[in-house]
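Thanks for making time this morning. I would like to walk through a few local features of one model, and I will ask you to keep the structure open while I talk.

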Amino acid sequence: MHRVRRIFTLLSAAGLLAPAFVGVPAGAGAAETVTSGAYTAVIRRTSYGVPHVLATSVGGAAFGQGWAYAEDRFCDLADQVVKVRSERSRWFGPGPDGANLATDFAYQSLGLVDRAREQLTRLQPEERDVLNGYVRGFNAFLAAAGPARVPGWCAGQPWIAPISAVDVLAYQRDIALLASGGALLAPIASATPPGSASAALAIAPEVTTDGLAALRQQKALSSNGWALGADKTQTGRGMLVGNPHFPWEGELKFWESQLTVPGSLNVYGASLGGIPGVQIGFTDKVAWTHTVAEGSRFTFYSVDLVPGSPTTYLVDGRPEAMTSKQVTIRVNQGGALQTVTRTMWFTRYGPVLDLSAIDPAFGWTATTAYTYRDANIDNDRLLRVWMNMARATDVAGLRASIGRDQGIPWVNTVATDSAGNAWYTDSSPTPNLSVASLTEMANHPLGALNGSDSANAWVVQPGARSPGLIPFAQQPQLQRRDYVFNSNDSHWVPNQNAFLTGFSPLQGSEGTPLSARSRQNLRLINGTARFDLAGLGTAILSGDSLTAAELAGYTVASCRAQGTRPVNVDGTPVDISAGCAALAAWDRLFDLPSRGAVLWRETIGAVLAEHPDALTTAGPLFGVAFNPADPGRTPRGAPADPAPLLTGLARAMLRMRAVGLPLNVQLQSVQYTVKAGQRIPVPGSTENVGIANMAQYEPFPGSSREPFMNPGTFAEGSDLTDRGYVVNYGTSFLLTLAYTSSGPSARCVLTYSESTDPYSPNYTDQTLLFRNKQLRDCRYSEASIAADPKLSVRTVRG
């Protein structure tokens with residue numbers, strides 16, 4: 001820290017804090033200053049546009065971070081502020097399928113802005129300083145640039161305006177609800193009592209079913225996280241792999257930065273816009289990453305209604321009136337604003353829902369209403385928990401800060417430290433239910449509890465952040481000296497030789513098969529005795545996959561035995577010998593030059609379309625059944641009958657021919673992302689093939705109004721389109737880190753690059769690195785920052 005103080009002094013002495021005109025980032029070694037107020041920060045951008053913010057206070061660092069984020073991603077946060085203010089319909093009309101109506105009514109019903117106003121009154125002094133600094137930095141950039149010159153897709157839009165601290169707190173609450181109420185917006189907005197005079201909102205059923213698919217993890221965000229301890233590393237110190245699989249489009253893109261406050265804070269990593277600080281990253285002593293947790297962040301309830309009074313329900317035989325809230329929004333109808341008012345209804349658990357889109361029986365009827373209770377609606381700790389984590393000096397301190405704040409919303413934490421400790425926890429807010437309630441939930445088709453029986457209420461125990469949550473001390477945790485990992489399966493297998501059992505099923509399942517991706521991560525971790533830093537990157541970006549390793553050779557042998565005898569596919573005879581030849585020549589990798597990778601992906605996809613459980617049970621793909629005593633290595637082995645695989649191969653051949661692709665086409669000719677009209681090939685593949693490096697397409701990567709990539713027309717039963725595989729989701733901020741005797745050494749890549757401005761040099765530069773599976777230095781030390789050949793320095797005040 002003495003060196004940081006000296007650097008700051010030298011910057012002042014050199015005149016780099018003096019006023020100057022601000023524009024785009026300066027060239028190598030240049031410096032410029034913006035002046036207008038109370039906060040001051042030095043933004044030093046190194047190669048690939050990574051900002052290293054230096055300030056004398058955490059508020060100043062947050063100011064610099066807010067400014068730098070706005071330079072790169074202004075539209076992402078500005079658009080989300082419009083959303084949480086319930087102003088989407090005002091500016092953009094009802095939206096496709098009524099999506100804007102759904103968000104506007106639901107967010108007002110949930111009271112995100114009201115909750116934010118209340119939260120603002122009780123922030124701790126440092127939280128307030130960080131929040132105010134971030135907001136001022138964002139707004140100061142807007143004032144300097146002007147709405148017409150902000151970077152990205154929203155430039156010049158009439159809805160661009162300064163944001164407030166309340167806006168940022170409301171959006172942080174929205175982030176907290178991503179795995180609970182955020183996916184129930186349409187059912188909240190649509191709910192009206194039977195016989196109500198209110199006109200039904202024009203919200204398509206798909207808006208509801210898409211949200212529920214996300215809750216059921218059919219469209220889950222995903223990640224890989226490894227924490228290696230002293231016994232698994234060549235340095236005898238901790239190492240980390242942070243590999244979140246997140247959208248490449250929309251508001252959930254990670255953004256990279258470093259925040260330095262001499263004597264107080266020095267953290268490097270990635271964050272989501274609207275949350276100051278770093279959510280995945282490292283300091284000189286401790287490093288952590290997150291993976292989306294499997295468990296439940298809410299519970300559905302049904303309540304019995306009093307006959308003739310659909311807004312009165314029974315609890316233990318006694319009538320209880322629902323509460324109501326009048327919600328008014330403005331809707332743009334062809335340029336004219338119309339005011340629409342609805343009455344929203346609540347039980348003691350939370351908002352009433354209309355789930356009739358999935359089954360009419362789950363709608364609001366004369367006898368029953370459905371509602372839910374949210375474990376994250378009261379989570380006001382997001383800002384605090386990551387700031388405190390960044391000050392931990394070891395895994396024990398990290399664990400203490402997470403346990404004290406209990407603000408991690410819906411993710412596992414995987415962490416290591418310079419002393420070589422590796423630690424895992426799922427500290428996500430989880431409802432605390434009795435055994436009887438858990439049994440009842442398991443027997444309901446929606447997983448709902450009878451809310452008319454108070455015995456199904458959440459159980460209150462000391463030590464929880466909010467009444468009715470499982471206390472942190474009772475949540476899954478494991479510390480080891482070899483490794484812990486998570487790839488979005490539950491807590492129960494954080495290490496191939498150590499199982500966590502006996503926890504609430506709402507934390508996640510136990511004794512059940514792991515995903516093919518989890519098993520592949522275990523193969524990669526256990527395939528190396530002791531890692532060095534370079535080996536971490538090589539392993540996590542490996543083109544190897546579980547299914548290819550287990551089944552490709554067997555498939556080739558089986559199809560050779562088949563010869564030219566056709567395989568019947570829905571009455572069509574298919575000679576699979578050409579496909580057999582393509583797979584025989586395949587290098588069994590999902591690297592860009594690989595020929596046969598597309599055919600294999602389509603083969604496995606075709607088998608799973610016919611046999612959805614084939615990756616977790618013996619039969620179509622594997623011969624040895626799942627064994628809960630050996631979850632990392634079962635199911636495995638070739639199946640007794642090759643027919644499902646050969647039929648899958650035949651279907652894959654038909655699909656590829658239907659879109660005009662040769663069976664041995666190179667992956668780089670088919671799989672790519674699009675940046676500024678440029679096709680950039682992308683390595684990796686999907687969850688189904690069992691690969692660590694994920695690359696795929698997600699139709700709804702977020703709630704942003706950013707124009708998304710067009711994937712083309714999908715082939716029947718496949719994610720292959722007439723444009724190939726368009727990638728907008730997968731490996732995002734990839735961090736590999738090793739602690740050494742001289743401090744942290746890290747290499748990383750932000751796959752979609754730092755800026756969303758197509759005119760920025762940092763719009764495609766890291767995507768081109770990722771194309772070649774190339775990692776770059778994460779410049780953490782002052783010496784490495786100063787040595788960067790593209791260093792630019794700017795002082796901002798506001």
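This is a predicted model: local features need pLDDT of at least 70, side-chain atom pairs count only at pLDDT 80 or more; totals for chains, interfaces and linings use all residues.

On helix 12, the face turned away from the buried side carries Val435, Ala436 and Ala442, which are exposed, where exposed means over 50% relative accessible area, buried means under 20%, and partly exposed lies in between, with a 1.4 Å probe and protein chains only. Residues are numbered from 1 along each chain as its sequence is written, and side-chain values use heavy atoms, with hydrogens and water left out. Helices (H or I, at least four residues) and strands (E, at least two) are DSSP runs, numbered from the N terminus.

Which residues of helix 12 are buried? In this helix, residues 435–442, they are Ser437, Leu438 and Met441, and they lie on the same side of helix 12 because they cover an arc of only 100° around the axis, the arc being that of the directions from the helix axis to the C-beta atoms. Among what covers the buried residues of helix 12 are strand 10 (298–306) and strand 19 (448–450), with contact taken as heavy atoms within 4.5 Å.

Let me turn to the disulfides. If a disulfide is a pair of cysteine sulfur atoms within 2.5 Å, the count comes to three, and with bonded cysteines counted along the chain, the pattern is 1-2, 3-4, 5-6. Cys75 and Cys154 have their sulfur atoms 2.1 Å apart, and with -85° about the S-S bond their link is left-handed. Cys75 sits in helix 2 (residues 58–84) and Cys154 in the loop between helix 6 (125–145) and helix 7 (165–176), so this pair ties together parts that are 79 residues apart in sequence. Cys75 is buried at a relative accessible area of 1%, and Cys154 is buried at 0%.

Cys559 is joined to Cys580, S to S 2.2 Å, and this disulfide is right-handed because the torsion about its S-S bond is about 85°. Here Cys559 belongs to helix 15 (residues 546–562) and Cys580 to helix 16 (residues 577–585), so the parts tied together are 21 residues apart in sequence.

A disulfide also joins Cys748 to Cys778, with 2.1 Å from S to S; it links distant parts of the chain, 30 residues apart, with Cys748 in strand 30 (residues 743–750) and Cys778 in the loop between strand 31 (776–777) and helix 20 (782–786). Both Cys748 and Cys778 are buried.

Going back to helix 2, how do the axes of helix 2 and helix 7 cross? They come within 9 Å and cross at roughly 85°, the axes being lines fitted to C-alpha atoms, for helices over the stretch in contact, with angles from 0 to 180 degrees between N-to-C directions. The two helices are therefore roughly perpendicular to each other, given that angles under 35 degrees count as roughly parallel, over 145 as roughly antiparallel, 65 to 115 as roughly perpendicular and the rest as oblique. On the helix 2 side, Leu77, Gln80, Val81, Lys83 and Val84 meet Asp167, Ala170, Tyr171 and Asp174 of helix 7.
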